[in-house]
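Student: Could we go through this structure together? I would like to start with the strands and then turn to the aromatic rings.
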Amino acid sequence: MPEAIGPGAALLDYDNDGDLDIYLVNGFRNASGELHTSEGANRLYRQLTPDRFVDVTEATGVGHTGYGMGAAVGDTDNDGFSDLYVTNYGADCLYRNDGGNAFTDVTERSGISVPAWSSSAGFVDYDMDGFLDLFVTQYVDYDPTRSNVDAGGNPEYPSPASFGGIADILYRNKGGGSFIEVSDRAGLSRTPGRGLGVVFTDLNADQLVDIYVANDGEPNFAWINTGSGRFEENAQILGLAVNGFGQPEAGMGIALGDVDLNGTMDFLVTHLVQESNTLYRQTSPGIFEDATARSGLGVVSINYTAFGTAFADLDLDGDLDLLTVNGRVTRALPHSAASVSPHWRHYAEPNQVFLNDGAGRFIELGQRAATFTSAVEVSRGLTLGDLDSDGDLDIVVCNANGTVRLYRNEFPRSGNWLIVSAIEPSLNREAFGAVVTVVTAGQRIRAPVTPTVSYLSSRDPRAHFGLGQASQVKSIHVRWLDGAQEIFSGGPVNRLVEVRRGDGVRP
């Protein structure tokens, strides 16, 4: 079963040279059934030029050989360098970045011990003490001796419904490289689930960062931060637990963004075949509704099993488009165009791209995005960032038992762009949890500062904006994690802007 679930990837600038590097997670079982082998080690690729990467795994010491699932990125010690957390079927691993040259495995000394089946993870400063804490979704209490067959008598991957869920885990960062598990006192331990995807954002407009978890085959979790170190599960109240028919679905990945430009964040949760992907639109602060049907995403997604997903302004026209990567977990007739081994052809599916019409309705591109949609594989993790520094977002896709795919964005441009790096100078790092709003003559476009989206993956945390035909930015507004707001001057488009807390003007 684990081989059908992963893997993911992370984009990070581990050496602070200004461009994005790629960390790839591998899950490997050899012919003897062993889970830990050097052939299945994770790999780190350093970017030399936009068209060239070099494998620096051995030199940096991050070739973890566990049965890999996903990766999370964050500067846990505020030294200005991104650290790396790896989730596994088995014990997880925390790597400390030692100045951009190498990493050290500090899992044991940090106090972190996550021995079960972890899936997505992310770093979030939930208590606003300046140190990034760690949230890890747990999948199922898996029994590897349990076998399964399909209706034709063929060996098949077990259903997650065959196993109980596991409570997700929260570690508070005490500083000094030390973490303490606070899952019980935070109120998480008594609510197990089959967690796969996770994002961090303010769900109920109270200026505190909350946690949204996509669960497989059961209602999703919306953990509301009370500000006292505890969380309350309120997904049903917010409208985020189930679909519009009141049915729980097989939640995998989560996309986060303001798809209808109303100033609030929306979610797309990917699902199993015969369950459409679900768009949760935030109609007013803290109130969500299932807008899948009228968004145009229902019928076009119902025949696919989707995992990784992201909102991104692919054509720079000022609204967020949608990417989903697909691959079944149950056997079907093999796809004739599948470029995978005979076993995996029964699970391979094409990926999908949807363009936003500007009002939150999506149109599937199909073969108009042929390079991306014609690859018929068993896709899982998806992450994105401006890998070639040309202003648009490129894509990395990970496949089960298949090659990684790096897609350079060649969409015809419908406008200009801006990338905003929001920095907390006192913490020496990106301001995870901040929200950036770019104001032009005709629009106010909002984006979160976070690497934790999609499925088992970590993206470039900088806020990316397509600006349409705007040729000038009037101002840049930042709402920092603690709710404080600042306004920064705008200026020319088509550039990377760094805004530092304290340099702006209070509204």
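This is a predicted model: local features need pLDDT of at least 70, side-chain atom pairs count only at pLDDT 80 or more; totals for chains, interfaces and linings use all residues.

Student: How do S3 and S4 run, parallel or antiparallel?
Tutor: Strand S3 (residues 43–49) and strand S4 (residues 52–55) run antiparallel and are joined by 4 bridges. They form a hairpin with 2 residues between them.

Student: Which residue stands opposite Tyr45?
Tutor: That is Asp55 in S4.

Student: Turning to the rings, how many aromatic pairs are there?
Tutor: The count comes to 18 aromatic pairs. One of them is formed by Phe135 and Phe200, edge-to-face, at 6.3 Å centre to centre with 85° between the planes.

Student: Which parts does that pair tie together?
Tutor: Phe135 lies in strand S10 (residues 133–138) and Phe200 in strand S13 (residues 195–201), so the pair ties together parts 65 residues apart in sequence.

Student: Are those two residues buried or exposed?
Tutor: Phe135 is buried, with a relative accessible area of 0%, and Phe200 is buried at 7%.

Student: And why is the pair of Tyr157 and Trp344 called stacked?
Tutor: Their planes are at 20°, so the pair is stacked; the ring centres lie 6.1 Å apart. Tyr157 is in the loop between S10 and strand S11 (169–175), and Trp344 is in the loop between strand S22 (321–326) and strand S23 (349–350), 187 residues apart. Tyr157 counts as buried at 10% relative accessibility, and Trp344 is buried at 4%.

Student: Which residues do ring pairs link into a cluster?
Tutor: The cluster consists of Tyr67, Tyr89, Trp117, Tyr139, Tyr142 and Phe163.

Student: Lastly, what lies over the face of Phe307?
Tutor: Arg380 does, at 3.9 Å from the ring centre.

Methods. Residues are numbered from 1 along each chain as its sequence is written. Side-chain values use heavy atoms; hydrogens and water are left out. Two strands pair if DSSP finds at least two bridges between them. Rings of Phe, Tyr and Trp (its six-membered ring) pair if their centres lie within 6.5 Å; planes under 30 degrees apart count as stacked, over 60 as edge-to-face and the rest as tilted. Buried means under 20% relative accessible area, exposed over 50%, partly exposed in between (1.4 Å probe, protein chains only). A charge sits over a ring if NZ of Lys or CZ of Arg is within 6 Å of the ring centre and within 35 degrees of the ring normal.
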